[in-house]
Amino acid sequence: MIVGLTGGIGSGKTTVANLFKQFDIPIYIADIEAKQLMNTSHRIRTKIVALFGDDAYKEDGLNRAFIAEKIFNDKHALEQMNAIVHPEVEAHFKAWYAAQKSPYVIKEAAIIFEHNKDNHYDKIITVIADVDQRIERVMKRDQSSAEKIKSIINNQLSDIDKVKRSDFVILNNDLETLQSQVEQIHQSLLKLVKPTSK
Ligand code: ATP
């Protein structure tokens, strides 16, 4: 079973994903894998260079600052970039998933509903938290401004819409209650796994 783990910026997706590790559930973090693949995949490199030119790469990998400038406020360029990277991450995930032996896996992805990818998952967990807390956490983590984080939040699908389309919801306003929420969902997921599946 493939379980999607999503939520807005700073909601606590990675924090929650780490809690599933205690049950030996394999975790695939799409953002991290995408970053890695952009540095290592020849196919991606060739296509990105064809799109943005040689400056798209430095000696040690993707030229992030250059790319950020190219796709900032250019929706079409961002879509072209996604069209190159997303299928490669998808193929990489498939190969990874085929090698797993656990009852289910967790795939953390910030964007699931926004790209109508719900049907790629058997179940979806959404992590939510108060907006003020999310802003505070991300400001602390990334040293970014409240305005920038707010604008990202405003560009993401609202929590209300995500919750409507989710199988499980985790409220991450404090760390104390996370453990029991994760445990309950883990037990529910185990019950859902058919005896015939992996
Ligand atoms: P992003 O979408 O930005 O990658 P995320 O949803 O994966 O974020 P995390 O990285 O898990 O969120 O959490 C954001 C920050 O908030 C991290 O520094 C994390 O340690 C902290 N954090 C997460 N949950 C809590 C909590 N309940 N209380 C305090 N800090 C928290």
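Along the principal axes, the C-alpha atoms fill a box of roughly 50 × 40 × 30 Å.

This is a predicted model, in which local features need pLDDT of at least 70 and side-chain atom pairs count only at pLDDT 80 or more, while totals for chains, interfaces and linings use all residues. Residues are numbered from 1 along each chain as its sequence is written, and side-chain values use heavy atoms, with hydrogens and water left out.

Next, colour the chain by accessibility. Buried residues make up 40% of the 198 residues; buried means under 20% relative accessible area, exposed over 50%, and partly exposed in between (1.4 Å probe, protein chains only).

Now select helix H3, residues 42-52, and show the side chains of Ile44, Ile48 and Phe52, which are buried. They cover an arc of only 40° around the axis, which puts them on the same side of H3; the arc is that of the directions from the helix axis to the C-beta atoms. The face turned away from this buried side carries the exposed residues His42, Arg43, Thr46 and Ala50.

Centre the view on Ile48, which counts as buried at 0% relative accessibility. Not counting residues up to four places away in sequence, Ile48 touches Gly53, Ala56, Tyr57, Leu62, Ile67, Met81, Ile84 and Val85, a contact being heavy atoms within 4.5 Å. The C-alpha atoms of Ile48 and Leu62 are separated by 9.3 Å, and the two residues are 14 apart along the chain.

Finally, visit two loops. Most residues other than glycine have a negative phi. Select Asn116, in the loop between strand E5 (105-108) and strand E6 (123-128): its phi is positive, near 50°, and Asn116 is exposed at 55% relative accessibility. Then select Gln143, between helix H6 (131-142) and helix H7 (146-155). Gln143 has a positive phi of about 55° and is exposed, with a relative accessible area of 65%.

How values were computed
Helices (H or I, at least four residues) and strands (E, at least two) are DSSP runs, numbered from the N terminus.
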